[in-house]
Amino acid sequence: MIMNFTERIQLLEEKLFDNPKFIEILKLINSKEWPNNIEARVDLVYDLEDVVLEIVAKEVFEEVTKFEEALMTENLEQLESLEDIENIEGFLDLPTVDQEIEGFFLATSIEKEIEQNERLYSNPYSIIESYFKILREEYQDYCIGTGQGNTEEVELWRKNLLISPVDPNKMSVLEEDNPLYRYQPIVLDAREYTNKIMDQVVKSSARNCGLTPNLEVYLSYYHYKNKNFDNKVKEQEAFELINKAYEEIEDENIMIDEFLEKYESIETKDLDDEVLYTFLAPMFDDLLGIDDKAEILLEVCNRETKKYGVDPVYDFKPVNDFKLYSSIIASLSARFIGSSDALIKSLGDTKISTDLAINLYKAGDGTRPNILDLKTIEGQIQPIALFCRDIENKILKKVEHGLRENFKEDKFVDQVKQLEPLNYQELISKLERYHGLKIDEIYRNLLRDMKKKIDLDKTKTQRGR
């Protein structure tokens, strides 16, 4: 029978404190030979994780051990870039590391903490304490995601960890620089749990090693510090702040749910622009399913390209967690380049069509030598980039209009600022400073260089004949 995360933690609490390997760790950190430098502290957290994994996930631990042995003896070229357990699934038939187990893999993150905050982790017991504190935080996230655990308690954690779908900087959790940070429910719970575990660690250590200097220092400062933060007044103040933020965020969620329900039965192709383009707001990236986002992407792209004689596309293979708006902008650019003849013809005899013909010229070998990398500054002012930026600005106005009509409140409309393309004026200033020329002249020089490439290609083609 496969155990869930909760059952594995319960098993850990039953088996850890008398585990022979854990007792060996306690003896090691209390011996006079233990160096207590960064390397030794990092080794400690990995040794602790090994003991934990052997208890809660023996099948994975055994396979990881095989992998580590193989890593030391062969296939180094193939394996040296692999960083964590999730990257090595499949090698040596490793079991899948799912949500029920992955929360116990904490050593890598704690190692970084040790290296960045050497003084904070100068006592080995503080490292053990840190592991169990983070493990409890993983458990909180797990319970919120799965609905397991005490319903009332989990609901309180969920209230404490809510993030606004509209403004990612707005959340109900109090940040570390807030004087009430230590008194919010998730921190109180993690501290209470860690204290309970460390009481057992201390008893096991005293029983097997006696009252050593490291243990004495921990008891007199670290453990004492964690047990002396009870303050019901501050806890209430913290909860009131959290509850206020929670209620505001919940109001946002209710408005979004009502919008989604209103249009869930209407096919994407039948949505008017005012609704369709509203779905490009960042808040929908995590709320819409991958198939729904793919449909919206295709519909927006086809509406935007139809007026330019570009054939519609009926297929799109999305990847998980793709961002809808940025994917649309990238897809439009690719569509316009791929259908350059139709695009140029639709624009008639204009300067932009002439410039695009130069920029999108297709050489005799099938390449497009004049298309510049968009990562370069010059690439941002090439004709196709300017054309697509104009399209993007029009799309942004449609998104803004849709948000204003469907949600009214400024905080929803302000999401457009999260989508705005890079500052074009700042780009121009950088180019002008670099070249010592005005932007019009830089643009003319860019086209002149492109024409030279075209002439060179035509000359090569004629010689080839």
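**How the helices cross**

A crossing counts as left-handed if the near helix is turned anticlockwise from the far one by less than a right angle, and as right-handed if clockwise. Helix α8 passes α10 in a right-handed crossing. (Helices here are DSSP runs of H or I with at least four residues, numbered from the N terminus.) This is a predicted model, where local features need pLDDT of at least 70, side-chain atom pairs count only at pLDDT 80 or more, and totals for chains, interfaces and linings use all residues. Residues are numbered from 1 along each chain as its sequence is written, and side-chain values use heavy atoms, with hydrogens and water left out.

The axes of α8 (residues 124-146) and α10 (residues 185-209) come within 9 Å and cross at roughly 140 degrees. That makes α8 oblique to α10.

**Who touches whom**

On the α8 side, the contact (heavy atoms within 4.5 Å) includes Tyr125, Phe132 and Arg136. From α10, Asp189, Tyr193 and Met198 are among the residues that join in. Sorted by class, that contact has nine nonpolar, three polar and four charged residues.

**The largest pocket**

About 1000 Å³ of space lies in the largest pocket. Its lining has 29 residues, and the closest to the centre are Tyr121, Lys133, Glu137, Glu176 and Tyr181.

Which helix gives the most to this lining? That's α8, with nine residues. Helices α7 (107-116), α8, α10 and α11 (213-226) each supply at least two. By class, the lining of the largest pocket has 10 nonpolar, nine polar and 10 charged residues.

Note on methods. Axes fitted to C-alpha atoms, helices over the stretch in contact; angles between N-to-C directions. Parallel < 35°, antiparallel > 145°, perpendicular 65-115°, else oblique. Nonpolar A, V, L, I, M, F, W, Y, C, P; charged D, E, K, R; others polar. 1 Å grid on protein atoms, 1.4 Å probe; cavity = no way out; pocket = protein on both sides within 12 Å on 5 of 7 lines; lining within 4 Å. Points joined across faces, edges and corners; volume = space filled by probe spheres on them.
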